[in-house]
Structures are given as C-alpha cells and as structure tokens.
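Please keep the model open while reading.

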Amino acid sequence: MITGAHTVLYSSDPEADRNFLLNVLRLTHVDVGHGWLIFGLPPSEIAVHPGESNGPNELYLLCDEIHQFTREMADAGVHCDPVKTERWGKLTYLTLPGGGKLGVYQPLHERPAPMP
C-alpha cells in the first residue's frame, strides 16, 4: 500500500539548502521541472511517540558512524552541534546553509528491515 515517504523542508534560503543536499550530502535527485529538485533518501523508518498534543513532526537522518559524519561535515565547512548520547542513539544537529537545523543520529536501537 505505501511505496515511500515524501519529506518537505521549509527554508528561508532553499537554493543554498538544495545545493547542500546535492553537493555535500550527495543525495540522488531528479529535476521535476524549472530546477525543482526532489532528492532520494535511503530506507527510512517511522516511530510514534506519546505527546501532550499532536505534532510537530520531526525528521532525522541516520548514519552508521556519527563521529565520522561530523568530521566529514566539518571538512565541508558545515557546523554540527556536539554529539550527545541518548539511550536510543548518538545525536547531532547540523546547520543547513539556509540557517535551519537538521537532526542526524547513529541509532543504538535495532533497525527494521526495509519494505520490499
């Protein structure tokens, strides 16, 4: 029934953030017209957490080795917050060129198999 997920990032500088996804994270992409890029992502997962109210929803990218990731980002001139170890993973936030923050973590929990 579900074949994928589409995530939207809102940005005050979308061109800079698109260039970051394209040239720094090197995500695959398609141009759907007028320079509008849609980027591919690796297999993903979704979790439902309890809350006082609904939303806001959050997006995190996952990596295999958070310290290697932050070194690669530093080499590319991208700021990452200090890594924090949570019970579920090692977490940082990178600062996008447009000024927004994006969470990245190395999971310490078991990962589900990708959907076929």
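## Nonpolar patch

Patches are made of residues with over 30% relative accessible area and no salt bridge, and nonpolar side chains are joined within 5 Å. The model is predicted. In it, Val-30, Val-32, Trp-36 and Ile-38 form a nonpolar surface patch. Together they have about 370 Å² of accessible area.

Ile-38 sits in strand E2, residues 37-39. Its relative accessibility is 32%, so Ile-38 counts as partly exposed.

## Salt bridges

The count is three salt bridges. One joins Glu-15 to Arg-18, with the closest N and O atoms 3.6 Å apart. Both residues lie in helix H1 (residues 14-24), three residues apart, so about one helical turn separates them. Glu-15 is partly exposed at 46%, whereas Arg-18 is buried at 18% relative accessibility.

Glu-45 and Arg-111 meet at 2.6 Å, N to O. This pair links distant parts of the chain, 66 residues apart. Glu-45 is in the loop between E2 and strand E3 (60-62). Arg-111 is in the segment after strand E6 (101-107).

Lys-101 pairs with Asp-81 at 2.9 Å. Here the separation is 20 residues. Lys-101 is in strand E6, and Asp-81 is in the loop between helix H2 (66-75) and strand E4 (84-85).

## Cysteines

Cys-63 is buried, at 13% relative accessible area. Cys-80 also counts as buried, at 15% relative accessibility.

Note on methods
Residues numbered from 1 in each chain as written. Predicted model: local features only at pLDDT ≥ 70, side-chain atom pairs only at ≥ 80, totals over all residues. Heavy atoms only, no water. Patch = residues over 30% accessible without salt bridge, like charges linked within 9 Å, V, L, I, M, F, W, Y side chains within 5 Å. Areas by Shrake-Rupley, 256 points an atom, 1.4 Å probe, with all protein chains shown as cover. Salt bridge = Lys/Arg side-chain N within 4 Å of Asp/Glu carboxyl O. Helix = DSSP H or I, 4+ residues; strand = E, 2+ residues; numbered from the N terminus. Buried < 20%, exposed > 50% of the residue type's maximum accessible area, 1.4 Å probe, protein only.
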